[in-house]
Amino acid sequence: MKKLIAILMVMVMALSFAACSGGAPGGASDVHRLVMVTGGDAGTYYAFGGVIANVLTESIDNVEVTATTSGASAANARSLNNKEADLAILQNDVLQYAITGTETMAEDGAMESLCAIASLYPEAVQLVATASSGITSIADLKGKKVCVGDQGSGSEVNAQQVLAAAGLSYDDFDVQYLSFSEASTAMQNGTVDAAFATSALPNSAITELANYTDIVVVPIDGEIADNLIAAHPFYAKTTIGEDVYGVAAADSVAMMAILACTTDLDEDVVYNITKTIFESQDALVAGHARGKDVTLETAFDGVTVDYHPGAVKYFTEKGLM
């Protein structure tokens with residue numbers, strides 16, 4: 001009798017262990033729990049990243065994605081490289097710099113395991129001037145007070161690249177190093193004539209500026225845009241519509257916000273992530289306005305690095321690779 005009881009107890013314990021461990025197919029042990037690093041909690045990366053994470057979690061069996069705040073692009077590349085995150089949203093130029101260990105990521109060394117899943121939406125390079133400054137073209141910046149962003153920031157790097165494509169340099173005007181919120185205040189006070197900013201549309205600081213000051217969005221187009229893209233293929237052309245800030249539309253260029261990962265992330269998981277993102281646009285749009293920018297037609301815009309094999313598999317099925 002004691003022997004029978006002992007056998008029954010062992011069986012009960014074994015069943016309990018199996019239930020707790022999720023040992024059955026499709027159980028908890030099979031769930032891929034992924035961390036997606038995004039950006040600051042007030043920015044588009046975090047807001048839209050949260051929407052993407054929710055859509056992926058709800059749509060893909062055995063995948064749970066958690067979006068977390070971060071220091072944005074450069075910090076996100078490091079998190080992927082250090083295996084502190086599985087997915088990341090980051091600017092496409094930073095992704096290239098990280099993989100090659102160049103420019104702003106040179107001190108980190110090459111992060112060769114990083115790769116792209118897809119291009120998500122444009123982050124426009126926006127050159128805004130006060131109407132009273134008389135600036136309507138990049139050439140008009142000569143002799144003016146121009147903010148290029150915080151020194152060493154992504155916006156400043158973009159400003160330098162645009163200026164070089166136009167044949168200009170900092171020697172041609174009075175350089176101001178300010179964040180765009182600070183530049184907005186300075187433009188309202190008349191102490192700065194124009195400012196560069198790289199961000200998703202609309203930029204809240206520019207929206208606020210337009211409420212208090214007459215502004216113009218200065219085009220970055222034509223030969224300047226062509227020169228820029230030839231020198232830096234991670235740029236793509238875009239348009240800042242008149243509905244964005246209530247002023248005349250202007251053609252410009254954009255960096256792209258890229259969804260990235262590392263090559264060691266499971267191929268089937270990345271395939272399902274890619275498929276879900278491009279076949280769930282209604283859900284993305286319902287969660288955030290940037291969802292309307294996520295299309296197969298723009299999935300390759302500005303991407304200058306290798307794609308993950310799981311993404312390649314999906315794009316090949318769609319006849320795009």
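The model is predicted, local features need pLDDT of at least 70, and side-chain atom pairs count only at pLDDT 80 or more, while totals for chains, interfaces and linings use all residues. Residues are numbered from 1 along each chain as its sequence is written, and side-chain values use heavy atoms, with hydrogens and water left out.

V37 lies in strand β1 (residues 32-37); strands are DSSP runs of E with at least two residues, and helices are runs of H or I with at least four, numbered from the N terminus. Leaving aside residues up to four places away in sequence, V37 touches T68, S70, N76, S79, A85, L87, A88 and I89, contact meaning heavy atoms within 4.5 Å. A distance of 7.7 Å separates the C-alpha atoms of V37 and A72, which are 35 residues apart along the chain.

Helix α2 (residues 44-59) comprises 16 residues and reaches 22 Å from its first C-alpha to its last, close to the expected 22 Å at 1.5 Å a residue; the expected span is 1.5 Å times one less than the number of residues. Its buried residues are Y45, F48, G49, G50, V51, I52, A53, V55 and L56.

Helix α10 (residues 267-278) packs against helix α12 (residues 309-317) at an angle of about 50°, with the axes 7 Å apart. Axes are lines fitted to C-alpha atoms over the stretch in contact, and angles run from 0 to 180 degrees between N-to-C directions. The contact is made by E267, D268, V270, Y271, T274, K275 and F278 of α10 and by P309, G310, A311, K313, Y314, F315 and E317 of α12.

Conventions: Buried means under 20% relative accessible area, exposed over 50%, partly exposed in between (1.4 Å probe, protein chains only).
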